[in-house]
Amino acid sequence: MAAASATQATAAEAAAPCSTTKTESTSSSSFLRARCATTRYPDVCYDSLLPYASTFQTSHVKLAVAAADVAAAHLRAFSARVKDMLLHRGGGSEEAAASSGGGAARVDAALHDCASTISAAANLAKRSSAELTRLDADTAASTETSTSGGSRQARWQLSNAKTWLSAAMTNEGTCSDGFEDAGAAATASPAGKEVAAGVASVTQHTSNALALVNGIPL
C-alpha cells in the first residue's frame, strides 16, 4: 500500500510540470487573442504571433517586440521579392530601364523605388523592435530597484517605437503610390498586381505591430 502511494505521488510530481506548461500555454494564447482583438487584422495577428507565444507569455512589451520582428521579416522577404522581380525583368540598371520602352521603364522605375522604400521599412520595423527590447529591459530594471525615474525614458522609447512603425507604414504606401503614379498600365501589369498584393500583406503585419505598441500600458 505504501509503495502504491509512493508511486502515485511520483506520478503526480512528474505530471505537474506538464500541467504547468499547458496552463501557461493557454494563458498566453488567451492573452494573445485578447490583444489581437484590438488590432485591425485580428486573425492575421493571432496566426502570425501564436508560434512565439512562449517568448512573450502575457507581456505587452514582449508581444509588441514579436509583432515588430514578424513585420520586419515579412518586409525583408517582400523587398527581396521585388528586387528579384526587377532583376528578372532586366531592370537592374537605369540603362536597362531606359532601353526597355516607355511603359516597361515606368514599371522598372516603380519596382526600383519600391524595393528601396520597403527595405527601409524593414529597417524601421527592426529599429522599433530593438527600442521595445530596451524598453522591456529598462522596465524590468526599474521594477527590481523600485525606482520611478525610468518613466520618462520609457515614454520616449515607446514614442520612438510608434514613430518608426508609422514611418514604415508610410513607406509601404509610397511603394503603392509609385505604381499609381506610373499610370494605369503599370498598376494593371503583372508586376503591379503582385506588388499591390505584397503591400497589402505586409501592411497588415505592420499595422498590427503598431496597434500592439499603442496598447502597451506604462
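Let me start with a term: a residue is buried under 20% relative accessible area, exposed over 50%, and partly exposed in between, using a 1.4 Å probe and protein chains only. By that rule arginine 155 is partly exposed, because its relative accessible area is 48%.

Hi everyone, a word on the ground rules. This is a predicted model, where local features need pLDDT of at least 70, side-chain atom pairs count only at pLDDT 80 or more, and totals for chains, interfaces and linings use all residues. Residues are numbered from 1 along each chain as its sequence is written, and side-chain values use heavy atoms, with hydrogens and water left out.

How far can we trust it? pLDDT is the predictor's confidence in each residue, from 0 to 100. The protein averages 86, and 79% of the residues score at least 70. Helices here are DSSP runs (H or I, at least four residues), numbered from the N terminus. Helix H2, residues 42–49, has the highest mean pLDDT among the elements, 98, while helix H5, residues 94–99, has the lowest, 42. Over residues 92–100 the pLDDT is below 50, and that stretch has seven contacts beyond near neighbours in sequence; a contact means heavy atoms within 4.5 Å. Residues 1–20 also stay under 50, with zero contacts beyond four places in sequence.

Just after H7, glycine 183 has a positive phi of about 110°.

Now to asparagine 208 in helix H9, residues 190–214. Buried or exposed? Asparagine 208 is buried, because its relative accessible area is 4%. Its side chain makes a 3.3 Å polar contact with that of threonine 39. Leaving out residues up to four places away in sequence, asparagine 208 touches Thr39, Arg40, Tyr41, Val44 and Cys45.

Finally, the core. The largest nonpolar core has 52 residues, and Val213 is among those touching the most other members. H4 gives the most to this core, 13 residues. Beyond four places in sequence, valine 213 touches residues including Leu132, Leu158 and Leu165.

Thanks, everyone!

Conventions:
Helices (H or I, at least four residues) and strands (E, at least two) are DSSP runs, numbered from the N terminus. A polar contact is a pair of N or O atoms within 3.5 Å; within protein, one must be able to donate a hydrogen and the other to accept it, and residues adjacent in sequence count only if both atoms are side-chain atoms. A nonpolar core is a set of buried Ala, Val, Leu, Ile, Met, Phe, Trp, Tyr and Cys residues joined through side-chain atoms within 4.5 Å.
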